[in-house]
Structures are given as structure tokens and as C-alpha cells.
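Hi there,

Here is the structure I promised to pass on to you. Please open it beside this email, and then read on for what turned up in it.

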Amino acid sequence: MEDVNFRFIAFMASRYFLSWRKQTVVIIAAVTGATFLYLLSYSMLNGLTEVTLSRSLGLAVPHVEVRINESRLEGLTDVLEGYSVVEAYSPRILCEALAVHEEYSHGVRLIGVYDLMEHNTSGIDEYIVEGDWLIENYTCILGVKLAEELRVDVGENVTVILPSGRPWMLRVSGIFDTGVAELDSYIVYVSLPKLRDLTGLKSLVVAVRLRDPFKSDSLAEDLRSMGYDAKPWSELAENILQLLEVESFYSNALIGSILVITGLGIVNVMIMLTESRKRSIGILKAIGASSMEVFLIYLLVSVLWGILGYLAGTALALATASYLREATVEYFSLKVPFRFSSGIFFSALLFSLTISSISCSYSAYRASRIRPAEVMRFE
Amino acid sequence: MSSIVKLYNVTKVYVDGPIEVRALKGVSLEVKNGEFLCIMGPSGSGKTTLLNIISTLDKPTSGRVEVCGVDVTSIPEKKLARFRLRNIGIVFQFHNLIPELTALDNVALPAIISGASVEEGRRRARKLLDMLGLSHREKHRPPQLSGGERQRIAIARALINGPKLLVCDEPTGNLDYKSKVAVLDLLKRINREHGTTVIVVTHDPLVAEYSSRSLRLIDGRIK
């Protein structure tokens, strides 16, 4: 093991750091940019995941869904009442139909619900932007985009053409805006008993809301073992989870590319720097510095660059996120916030240090291998 | 008087592909403690190679080298840097100062490497610069100094750890006459007042006038 004097290493690294101004600016700028993109990408991905799941789970996708014939509903409710994790449940009848208002028409999905049970289960009433959550035999609630398509407003009537061809006139009592396009442009909430009477449908879908959505798999498993056709949200929202996985893959690919491109830029700057400082390194070694000390001096400078780049990149990302959060970001009609966490900041620090130190290690190694006798013979 | 440097039949061959250059062809040499030795010779005679071997910056192809009573050819490369730090002061041909450091920090550097605090190193460096009449230049960086000043600062740096041996490669190479005399006066003073052994390789005949012994190196052999 070679002798290593850390005081000397810190002294030289600080002098190099202060003297290599151009390289310092270039490399810190590169690490700042990379850290900024890293933090922004992952905080957006976090925000997208959070928004997608929070908007979808319980609202578009129930925590657990049980498909059942009306005759077994009572038995199922008894079972559900026995689980403390079950917060609420809402029986629904689903039916495709055509909604017509004046000369405008649109395909819709009717969801027959009991208004109080649906309020407790999906909380859709929290998204009412016009009118009230009021479902009676001849009233309905529909999404804001569908209302726009049909040019209908609260208090006006729409006619729903059922699969049998039977018309059903409904007064719009409320309009909701969830931000989830699938709901806002397609769903019409109506009275369950009336829809059942008009269609004769006996098959129900019971949406179950849990206190802890992550216990949906075990509840669904229990219900299946009792003979119910139950599905947890992880199966129901498979396409959403796949979308998030794809999003995550592209984010990782983007970050990987940033890492490689930034790293190569830094390697290039460092190689040029080391080449131009061969004589200086030769002097250090000739007057007594060990190869390990030379290596560590260069590495320490790169760590300082990494830390400053991280701090600057983090400040820039937070400032940008703070500014854009007010303006909000529209993404597939979702408002995606930036969600930072200690994990992201820690991984960004590792990311910054990895870029700077790995990129500089090669040059530091080359510097440490320089033989003074070879580099100091000529002017 | 005991010897500080002993070379036994030292050869050095540089190999560059099919080309072999025999820089030193069996050099044997003994330098006594406190000597001021001048090794002269024309360009390409092997002077710098010989000095690099004495100062442990390079290893001979064959032969044995003893410096301060230690067979340096047997010391592993990793340990040689610290051996140089403790025993040898080196002044290079082109007054190699570190451009990122001030004159004061350039001088203090070997002291800091050897374990002194930055403050202690600077205190010792300031004393040396004062002795050399360069106190007013301590905050200047190498490009702001004249050739003579840079060379004297390089000498101060070589002296800061109180080495037993000072080796100088063409220390007056690029200097005007006035600066040459100032540098040689300084080397003579160090040799006389501190008893430091000085070995200078040069092709400048003026250096020989300051030395206690002169040797000629011609075509890799001492004549």
C-alpha cells in the first residue's frame, strides 16, 4: 500500500478546483444539466404514477370488483361486512347505450347505482363541477366531455336509447370532471332500480372500496375461494400498470442516455486536461507524491464537481418544478404534478457522483501512471 | 568522508520498437557527502539519464545505485516517491513549478506532502523565500515570475525538507548571465553553509567554476 497523505490531497484538489475554471464550469454545467433532467424525469414519473393510480383506483377502477347475479348480492354483502378492510361497496348495473340531445348523439355506458352507496365507494360526487349528485328515476349525472359533445347542460334533458331500442328521457342533474378521459367522455350515472326495470338485467358488478388498496389481492383471493368472480385492481387496471411500466422504461432509457452522453463529454474534457497537465503531474510525483495520491487528487476534484453539479441541478429542478406546478402540466388530460422524495434526491446524488467520478476515474488513473522522468525532459 | 551516492557499472538502454538507444554504458561513480559535483557533457551524452537515475526518477537497465546508503534499485516503485521526499531535492531543467500554485505554495508543497500542515509548510516556505530575497513574490504564480526567479523558487522547493542531496538538471539552462550567477551563488551557498551535497549536470562551463569537482560524460561514459 502506498503512503497517502489526505491533507496534501485535499490541499492540491482545492487548488486544482479553483484553478481549472473552464473545466470546472463545463463539467459542473454538464452534471447540473444531467441532474436537472434526472430529477425532473423521475419526479414527473412519480407524479404521473400517483395521479394515474389515485384517479383510477376507486374511481375508474374499483379496488376489488365482484361480478355476481342479483340473487347472490345479499350473501356477498354479508361476506363483505365481515371484512374490516372493506370500507364501502356499491352494486352497479352496466349497460351500453346511445345518448341523444337535440341533433347530437354519443355512445355511452350507463352505470346504474344507488347514489349513497356509490358516493361512499367511488367518491365520484366529489368531482361534480355543475349541479348536484342527485340520482333518481329520471335524472342522471354525466361527464364534462360527454356534456360538451352532446351540448347539454344541467337541467336539460337527454334521451338514452337502450339496447332494446327503448328510449329513456333523463334530466341532467349534475356534471362531473374527473380529469380521466375514459370517465368524462363516456359514463352516465343513472338509478340502478330504474335501469334494472327498463333492461331486465340481473347481473351486477359490485365495486368494493378498501381502507388499504394494497390488500385487494388477498380479499379477491378469499372471495374467489368462496366461489365469487372477484378481481383485484392489479388485474382490472392491467393496462394502466403496463402503461406506467412503459413510461418507466422510457424514463430509464432517457436517464441512461443522459448518463452516457454526459459521461463521455466529461471523459473528453478530463483527457484533454490530463494531457495538458502531464508535466505538472510529473513534478508532483518527482517531489514525492505517490501514484495513489495523484489518483485521489483527481478523483476528489471530480467528486467536488459532482456535488456542486448535484446541488445546482437540484436547485434548478426544484425551481422549475415550483414554477411549473403553479402552471401545471397537461398530459393526456391529466394534470401531472412533480413529486420529489428523499429517495429521488439520494439517487440523484449517486447519479451525479457516478457521472463525475466514473468519467474522471480513467483520467485520474492515467495521471497516476505518469512517469516523471518521461514527461519532464523537454520544454 | 562517507559517500552519499554510489553507482556500480550502471547501464541504461531505451528500447523503442526495433531501436535500442544505449544512454549509459557502464557508469561507475562515487559522490562524497558535501561535494559540489558538476557533470558536464554535450547534448545527448546521457547527463539527464544519469541524473534521473541518481534522483531515483528512473531505474537503470543494469548495475546498482546507492543513495544515502540505500540500494535504490531494490526499492519498489511505490516506495521511491517517499524516499525522494525525505532524501533528495530535485531542480529540473525547465524550472518546473506547478502553475496552479503561488510561489509560496510551490515551495511549501514537499513539506505538506511529508505531513506538515499547510500553515507550517507555508511558514517554512516563507522563511526560505525570505532567505532567497523572494518574499515579495510569494503570492505570484509561475507565469508572473522571471526565469531566474522561477529557478530560485524551484531550488527553495527542493530545499524545504532539508535534503541531504540536491540534484540539478541544467539549472542555468535558460537564464541570462545575471540570473545564472544568482542561481549558482545560491547553490554554492547551500552547499557550503548547510553541507548539502549538490550534483549539477550541465553543458554550461560557468557551473564548473562553482563546483568542487567536475566530470565529463561523453557518449554514455564518464571520461
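Before we start, one term: two strands are said to pair if DSSP finds at least two bridges between them. Please also keep in mind that this is a predicted model.

Let's begin with chain A. Strand S5 (residues 139-143) of chain A and S8(A) meet that requirement, pairing in the antiparallel sense over two bridges. You can find the spot by looking for A:Ile141, which stands opposite A:Tyr189 in S8(A). S8(A) also has strand S3 (residues 104-113) of chain A as a partner; these two run parallel and are joined by five bridges. Here A:Gly112 is opposite A:Val190 of S8(A). How much of strand S8 (residues 187-191) of chain A is buried? Five of its five residues are, so to speak, tucked in: the strand is mostly covered.

Now for the sheet in chain B. Six strands make up an open sheet with mixed pairing, in the order S6-S7-S8-S3-S9-S10. At the edges are strand S6 (88-91) and strand S10 (221-222) of chain B, each of which pairs on one side only. Within the sheet, strand S3 (residues 36-40) of chain B runs parallel to strand S8 (residues 197-202) of chain B, with five bridges between them. One of the pairs to look for is B:Leu37 with its bridge partner B:Ile199 in S8(B). Helix H2 (residues 77-87) of chain B packs on this sheet, where it touches S6 and strand S7 (165-169) of chain B, and its direction makes about 90° with that of S6(B). H5(B) lies across S6 and S7 of chain B too, running at about 170° to S6(B).

H5(B) has helix neighbours as well. Helix H5 (residues 147-159) of chain B packs with helix H6 (residues 177-194) of chain B at an angle of about 15°, their axes being 9 Å apart. Angles under 35 degrees count as roughly parallel, so H5(B) is roughly parallel to H6(B). Their crossing is right-handed. The residues that meet include B:Ile155 and B:Leu159 from H5(B) and B:Val183 and B:Leu186 from H6(B). By class, this contact has six nonpolar, three polar and one charged residues.

Helix H3 (residues 103-113) of chain B also crosses H5(B), at roughly 30°, and the axes come within 7 Å. H3(B) is therefore roughly parallel to H5(B). Among the residues in this contact are B:Val107 and B:Pro110 of H3(B) and B:Ala156 of H5(B).

Enjoy exploring!

Note on methods
Residues numbered from 1 in each chain as written. Chains lettered and ligands numbered in written order. Predicted model: local features only at pLDDT ≥ 70, side-chain atom pairs only at ≥ 80, totals over all residues. Heavy atoms only, no water. Axes fitted to C-alpha atoms, helices over the stretch in contact; angles between N-to-C directions. Helix = DSSP H or I, 4+ residues; strand = E, 2+ residues; numbered from the N terminus. Parallel < 35°, antiparallel > 145°, perpendicular 65-115°, else oblique. Left-handed = near helix turned anticlockwise from the far one by under 90°. Contact = heavy atoms within 4.5 Å. Nonpolar A, V, L, I, M, F, W, Y, C, P; charged D, E, K, R; others polar. Buried < 20%, exposed > 50% of the residue type's maximum accessible area, 1.4 Å probe, protein only.
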